[in-house]
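Try each one before you read its solution.

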Amino acid sequence: AGGADLRFPHHENQMAQCEAHFDCSRWVNTFLHSGHLSIDGRKMSKSLKNFITVREALTDFSPSQLRFLFLMRRYSDPMEYAPNAMAAATAVHERFRELATSLDIRLRETEGPGEEA
(Lines give C-alpha, C1' and ligand atoms only; values in the text may rest on other atoms or scores of the structure.)
Protein backbone atom coordinates (compact mmCIF):
# COMPACT_ATOMS: atom_id res chain seq x y z
CA ALA A 1 0.00 0.00 0.00
CA GLY A 2 1.07 3.54 -0.55
CA GLY A 3 0.14 6.88 -2.01
CA ALA A 4 -0.37 7.44 -5.72
CA ASP A 5 3.07 9.08 -5.90
CA LEU A 6 4.70 5.71 -5.10
CA ARG A 7 3.45 3.96 -8.25
CA PHE A 8 6.70 4.42 -10.13
CA PRO A 9 9.55 3.87 -9.52
CA HIS A 10 9.24 2.98 -5.82
CA HIS A 11 7.10 -0.15 -6.14
CA GLU A 12 8.97 -1.52 -9.15
CA ASN A 13 12.21 -1.12 -7.20
CA GLN A 14 10.70 -2.74 -4.10
CA MET A 15 9.47 -5.73 -6.15
CA ALA A 16 12.85 -6.18 -7.88
CA GLN A 17 14.71 -6.22 -4.56
CA CYS A 18 12.30 -8.69 -2.92
CA GLU A 19 12.17 -11.00 -5.94
CA ALA A 20 15.99 -11.07 -6.09
CA HIS A 21 16.36 -11.66 -2.35
CA PHE A 22 13.75 -14.43 -2.14
CA ASP A 23 14.53 -15.88 -5.60
CA CYS A 24 10.94 -15.72 -6.81
CA SER A 25 9.42 -14.38 -10.00
CA ARG A 26 6.29 -12.79 -8.54
CA TRP A 27 6.51 -11.02 -5.19
CA VAL A 28 3.04 -9.48 -5.21
CA ASN A 29 0.06 -9.38 -7.55
CA THR A 30 -1.40 -6.05 -6.52
CA PHE A 31 -0.36 -2.76 -4.97
CA LEU A 32 -3.01 -0.53 -3.43
CA HIS A 33 -2.49 3.17 -4.10
CA SER A 34 -4.54 5.52 -1.98
CA GLY A 35 -5.37 9.11 -2.75
CA HIS A 36 -3.48 11.80 -0.92
CA LEU A 37 -4.76 13.39 2.26
CA SER A 38 -4.65 17.17 1.99
CA ILE A 39 -4.75 19.90 4.59
CA ASP A 40 -5.35 23.49 3.46
CA GLY A 41 -5.21 22.35 -0.16
CA ARG A 42 -1.70 20.86 0.13
CA LYS A 43 -0.68 17.22 0.41
CA MET A 44 -0.26 16.31 4.07
CA SER A 45 3.43 15.87 4.75
CA LYS A 46 5.78 15.88 7.73
CA SER A 47 8.30 17.85 5.70
CA LEU A 48 5.71 20.59 5.07
CA LYS A 49 4.74 20.46 8.75
CA ASN A 50 1.07 20.40 7.77
CA PHE A 51 0.05 17.10 9.30
CA ILE A 52 -2.22 15.86 12.05
CA THR A 53 -1.83 12.59 13.88
CA VAL A 54 -4.71 10.21 14.49
CA ARG A 55 -4.25 10.80 18.21
CA GLU A 56 -4.71 14.56 17.66
CA ALA A 57 -7.77 14.04 15.45
CA LEU A 58 -9.30 11.85 18.16
CA THR A 59 -9.23 14.74 20.61
CA ASP A 60 -11.91 16.45 18.48
CA PHE A 61 -13.73 13.55 16.83
CA SER A 62 -14.74 10.00 17.70
CA PRO A 63 -13.19 7.00 15.94
CA SER A 64 -16.53 6.40 14.21
CA GLN A 65 -16.68 9.96 12.91
CA LEU A 66 -13.17 9.61 11.45
CA ARG A 67 -14.13 6.29 9.86
CA PHE A 68 -17.08 7.98 8.15
CA LEU A 69 -14.74 10.64 6.75
CA PHE A 70 -12.77 7.88 5.01
CA LEU A 71 -15.89 5.93 3.99
CA MET A 72 -17.39 8.97 2.24
CA ARG A 73 -14.98 8.73 -0.69
CA ARG A 74 -13.32 6.14 -2.84
CA TYR A 75 -10.01 4.91 -1.42
CA SER A 76 -8.05 6.13 -4.45
CA ASP A 77 -9.53 9.65 -4.51
CA PRO A 78 -7.77 12.51 -2.76
CA MET A 79 -9.29 13.65 0.53
CA GLU A 80 -9.25 17.03 2.23
CA TYR A 81 -9.11 17.03 6.03
CA ALA A 82 -10.99 20.23 6.77
CA PRO A 83 -13.73 21.46 9.11
CA ASN A 84 -16.41 21.19 6.40
CA ALA A 85 -15.37 17.61 5.53
CA MET A 86 -15.48 16.61 9.19
CA ALA A 87 -18.85 18.34 9.63
CA ALA A 88 -20.24 16.30 6.73
CA ALA A 89 -18.77 13.06 8.13
CA THR A 90 -20.15 13.86 11.58
CA ALA A 91 -23.62 14.50 10.11
CA VAL A 92 -23.61 11.19 8.21
CA HIS A 93 -22.38 9.39 11.32
CA GLU A 94 -25.23 10.92 13.34
CA ARG A 95 -27.82 9.80 10.74
CA PHE A 96 -26.53 6.24 10.92
CA ARG A 97 -26.51 6.35 14.72
CA GLU A 98 -30.13 7.56 14.72
CA LEU A 99 -31.07 4.82 12.24
CA ALA A 100 -29.47 2.17 14.46
CA THR A 101 -31.32 3.52 17.50
CA SER A 102 -34.64 3.55 15.61
CA LEU A 103 -34.12 -0.01 14.39
CA ASP A 104 -33.24 -1.17 17.88
CA ILE A 105 -36.41 0.42 19.29
CA ARG A 106 -38.54 -1.06 16.49
CA LEU A 107 -37.09 -4.54 17.02
CA ARG A 108 -37.81 -4.35 20.74
CA GLU A 109 -41.41 -3.33 19.98
CA THR A 110 -41.92 -6.36 17.72
CA GLU A 111 -40.49 -8.89 20.16
CA GLY A 112 -42.97 -11.10 21.94
CA PRO A 113 -42.90 -11.65 25.70
CA GLY A 114 -39.73 -13.49 26.70
CA GLU A 115 -38.25 -13.31 23.18
CA GLU A 116 -34.94 -11.76 22.34
CA ALA A 117 -33.86 -10.51 18.93
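**Exercise 1.** Take contacts between residues at least 6 apart in sequence: what share joins residues at least 24 apart?

Solution. This is a predicted model. In the protein chain, 53% of those contacts link residues at least 24 apart. Next, list the elements: there are four helices and five strands, and from the N terminus they run β-α-β-β-β-α-α-β-α.

**Exercise 2.** Work out why the end-to-end distance of helix α4 fits its residue count.

Solution. Start with the count: α4 covers residues 83–110, which is 28 residues. At 1.5 Å a residue, the helix should span 40 Å. Now check the ends: the end C-alpha atoms are 41 Å apart, so the two values agree.

**Exercise 3.** Find which residues of α4 are buried, and what covers them.

Solution. First, pick out the buried positions in α4: Ala85, Met86, Ala89, Val92 and His93. Then look at their cover, which includes α3 (63–71) and β5 (79–80).

**Exercise 4.** Is Leu103 buried, partly exposed or exposed? Say which residues make a nonpolar surface patch with it.

Solution. Locate Leu103 first: this residue sits in helix α4. Its relative accessibility is 47%, so Leu103 counts as partly exposed, since that class lies between the 20% and 50% cut-offs. Together with Phe96 and Leu99, Leu103 makes a nonpolar surface patch of about 300 Å². To finish, the whole chain has an accessible surface of about 9,000 Å², and 56% of that belongs to carbon and sulfur atoms.

Conventions:
Residues numbered from 1 in each chain as written. Predicted model: local features only at pLDDT ≥ 70, side-chain atom pairs only at ≥ 80, totals over all residues. Heavy atoms only, no water. Helix = DSSP H or I, 4+ residues; strand = E, 2+ residues; numbered from the N terminus. Expected span 1.5 Å × (residues − 1). Buried < 20%, exposed > 50% of the residue type's maximum accessible area, 1.4 Å probe, protein only. Contact = heavy atoms within 4.5 Å. Areas by Shrake-Rupley, 256 points an atom, 1.4 Å probe, with all protein chains shown as cover. Patch = residues over 30% accessible without salt bridge, like charges linked within 9 Å, V, L, I, M, F, W, Y side chains within 5 Å. Salt bridge = Lys/Arg side-chain N within 4 Å of Asp/Glu carboxyl O.
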